[in-house]
Amino acid sequence: MSLRNTAQSYGSVAKFFHWIISPLVILMLAAGFFMENVPEDYKGLVYNTHKLIGLTILFLMVLRMIWALVNPKPAQPRTTSYVLRLAARLVHFALYLFVIVMASAGWVGSVAGGRPPHLGDFMFNLPIEPSKELAGYAFDVHLYVAWILITLVTLHVLAALYHHLVKRDEVLTRMLPGGKVNRYY
């Protein structure tokens, strides 16, 4: 398998980014809705872990975006309509954008709220002053974007299943590790 994408398939680097970031985003979306219910003794650890995973996602998404810019996506099957091709591009763009916005808003909110993510004694600060107003705004964005991402992830998964189960093309399998491409392209 090639490191780079081909006209028919994703390369191993794109697959690596997809299969590392996707489960982390889904885990973080789910965890975000239950963190307030964690026993008080564990809240600091759970929230900080959430923040550190969010920073990891942000870092990986920046690398993924750079990789995507220098490594074009494989073509859609010839049988895919222009509208569906456009929808796929828009959803992919929105996924990249909103994952970056969500992680950034969480980071800004944490720092503005006076509780930056930390690894031991090392604080992941930003050059912003503590501000309850900014923290509140950033966490509102964080929450609203969570719902947008849930919608986008759902659309993305449903589209992959539609291609696999209804259209019976290789759109899904070409992103799977070891996925094969065949005559549909």
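1. Leu143 is partly exposed, with a relative accessible area of 40%, where partly exposed means a value between buried (under 20%) and exposed (over 50%), computed with a 1.4 Å probe and protein chains only. Leu143 belongs to helix H4, and its C-alpha atom is separated by 9.1 Å from that of Gly106, a residue 37 residues apart from Leu143 along the chain. Helices here are DSSP runs (H or I, at least four residues), numbered from the N terminus.

2. Please keep in mind that this is a predicted model, in which local features need pLDDT of at least 70 and side-chain atom pairs count only at pLDDT 80 or more, while totals for chains, interfaces and linings use all residues. Residues are numbered from 1 along each chain as its sequence is written, and side-chain values use heavy atoms, with hydrogens and water left out.

3. Helix H1 covers residues 12-32, and because its 21 residues should span 30 Å at 1.5 Å a residue, the 30 Å between its end C-alpha atoms agrees with expectation; the expected span is 1.5 Å times one less than the number of residues. After H3 comes Gly114, which has a positive phi, near 80 degrees.

4. The buried residues of H1 are Ala14, Lys15, Phe17, His18, Ile21, Val25, Met28 and Leu29. These buried residues pack against helix H2 (40-70), helix H3 (82-112) and helix H4 (132-167), with contact taken as heavy atoms within 4.5 Å.

5. Thr80 lies in the loop between H2 and H3, and with a relative accessible area of 4% this loop residue counts as buried. When residues up to four places away in sequence are not counted, Thr80 touches Arg85, His163 and Lys167.

6. By the rule used here, the count comes to 1 salt bridge, a salt bridge being a side-chain nitrogen of Lys or Arg within 4 Å of a carboxyl oxygen of Asp or Glu. The side chains of Glu40 and Lys43 meet in a salt bridge, at 3.9 Å from N to O. Glu40 and Lys43 are separated by about one helical turn, because they are 3 residues apart in helix H2. In general, an α-helix has 3.6 residues a turn, so residues three or four places apart point the same way. Glu40 itself counts as exposed, at 62% relative accessibility.

7. Tyr47 is also found in helix H2, and it is partly exposed, with a relative accessible area of 28%. Leaving aside neighbours within four places in sequence, Tyr47 is in contact with Met35 and Glu36.

8. Leu84, Val157, Leu158, Leu161, Tyr162, Leu165 and Val166 make a nonpolar surface patch of about 630 Å². Such patches are made of residues with over 30% relative accessible area and no salt bridge, where nonpolar side chains (Val, Leu, Ile, Met, Phe, Trp, Tyr) are joined within 5 Å and like charges within 9 Å. H4 gives the most to the nonpolar patch, with 6 residues. Leu158, which is found in helix H4, is exposed, with a relative accessible area of 51%.

9. A search of the whole structure finds 3 aromatic pairs. Phe122 and Phe124 form an edge-to-face pair, 4.9 Å centre to centre with 85 degrees between the planes. Rings of Phe, Tyr and Trp (its six-membered ring) pair if their centres lie within 6.5 Å, and planes under 30 degrees apart count as stacked, over 60 as edge-to-face and the rest as tilted. Phe124 counts as partly exposed, at 25% relative accessibility.

Key. Helices (H or I, at least four residues) and strands (E, at least two) are DSSP runs, numbered from the N terminus. Accessible areas come from the Shrake-Rupley method with a 1.4 Å probe; for residues, only the protein chains shown count as cover.
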